[in-house]
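Subject: Structure for you to look at

Hello,

Please find the structure below.

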Amino acid sequence: IEIERMGVYSANVMGSWDYRQPEFIELRYEDAFNHEGETFEKLFRWYGLNDEAIHIGIEAVERVSLKRDGATSKHARSGSPGEWKERLSPAHVERFKELTSDLTVRLGYESSMNW
């Protein structure tokens with residue numbers, strides 16, 4: 001089952017990562033999806049791009065955005081954060097919780113284990 005194979009692998013990587021490393025920029029998918037311009041500007045500035053290059057980069061982001069049909073349905077579903085809640089059965093959710101414990105709460109994706 002995919003949850004036991006890749007779900008747990010990804011959860012373990014995310015759960016063991018040190019999020020306080022100043023040499024890395026930490027970006028959340030949810031932020032990139034909900035606030036594309038701001039998130040990509042932050043990324044481009046992190047890499048030292050000048051204002052003109054940032055403007056060009058933001059235009060490119062807008063052209064390929066899932067929100068603007070930049071990807072076909074064969075490439076991705078809606079791409080919206082939390083889409084898994086519509087796709088996973090209650091049994092899948094319970095299995096994920098069994099395998100990952102309180103990871104979703106520790107990483108700030110949920111406020112309690114009652115999700």
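**Overall picture**

Among contacts in the protein chain with a separation of 6 or more, 45% are between residues 24 or more positions apart; contact means heavy atoms within 4.5 Å. This is a predicted model, in which local features need pLDDT of at least 70 and side-chain atom pairs count only at pLDDT 80 or more, while totals for chains, interfaces and linings use all residues. Residues are numbered from 1 along each chain as its sequence is written, and side-chain values use heavy atoms, with hydrogens and water left out.

The protein chain has seven helices and zero strands, which gives the pattern α-α-α-α-α-α-α along the sequence. Helices (H or I, at least four residues) and strands (E, at least two) are DSSP runs, numbered from the N terminus.

Of the 115 residues in the protein chain, 23% count as buried. Buried means under 20% relative accessible area, exposed means over 50%, and partly exposed is in between (1.4 Å probe, protein chains only). The accessible surface of the protein chain is about 8500 Å², and 53% of that belongs to carbon and sulfur atoms. Accessible areas come from the Shrake-Rupley method with a 1.4 Å probe; for residues, only the protein chains shown count as cover.

Helix 1 covers residues 2-16, which is 15 residues. From its first C-alpha to its last, helix 1 reaches 20 Å, close to the 21 Å expected at 1.5 Å a residue. The expected span is 1.5 Å times one less than the number of residues. Helix 1 also bends by about 30° at V8, where the bend is the angle between axes fitted to the seven residues ending there and the seven starting there.

Which residues of helix 1 are buried? They are I3, V8 and A11, and the buried residues of this helix pack against helix 6 and helix 7 (103-106).

The largest nonpolar core has five residues in all: I3, A11, F96, L103 and L107. A nonpolar core is a set of buried Ala, Val, Leu, Ile, Met, Phe, Trp, Tyr and Cys residues joined through side-chain atoms within 4.5 Å. Leaving aside neighbours within four places in sequence, F96 is in contact with I3, G7, A11, T104 and W115.

**Helix 6**

Helix 6 runs over residues 90-100 and holds K97. Is K97 buried or exposed? K97 counts as buried because its relative accessible area is 14%. Apart from neighbours within four places in sequence, K97 is in contact with M113, N114 and W115.

T100 is in helix 6 as well. With a relative accessible area of 9%, T100 is buried. T100 and A11 are 89 residues apart in sequence, yet their C-alpha atoms are 6.8 Å apart in space.

**Helix 3**

F40 is found in helix 3, which spans residues 36-46. F40 is partly exposed, since its relative accessible area is 25%. Not counting residues up to four places away in sequence, F40 touches A32, I58 and V61. Its C-alpha atom is separated by 8.5 Å from that of I54, 14 residues away along the chain.

**Salt bridges**

How many salt bridges does the structure hold? There are 11. A salt bridge is a side-chain nitrogen of Lys or Arg within 4 Å of a carboxyl oxygen of Asp or Glu.

- E2 and R5 form a salt bridge, with the closest N and O atoms 3.1 Å apart. Both lie in helix 1, three residues apart, about one turn of the helix. E2 is partly exposed at 47% relative accessibility, whereas R5 is exposed at 52%.
- R45 and D51 meet through their side chains in a salt bridge of 3.1 Å, N to O. R45 is partly exposed at 42% relative accessibility, and D51 is exposed, with a relative accessible area of 54%.
- D102 and R106 also have side chains that meet in a salt bridge, at 2.9 Å from N to O. D102 is partly exposed at 31% relative accessibility, and R106 is exposed at 51%.
- E4, R95 and E98 are linked in a network of salt bridges.

An α-helix has 3.6 residues a turn, so residues three or four places apart point the same way.

Regards
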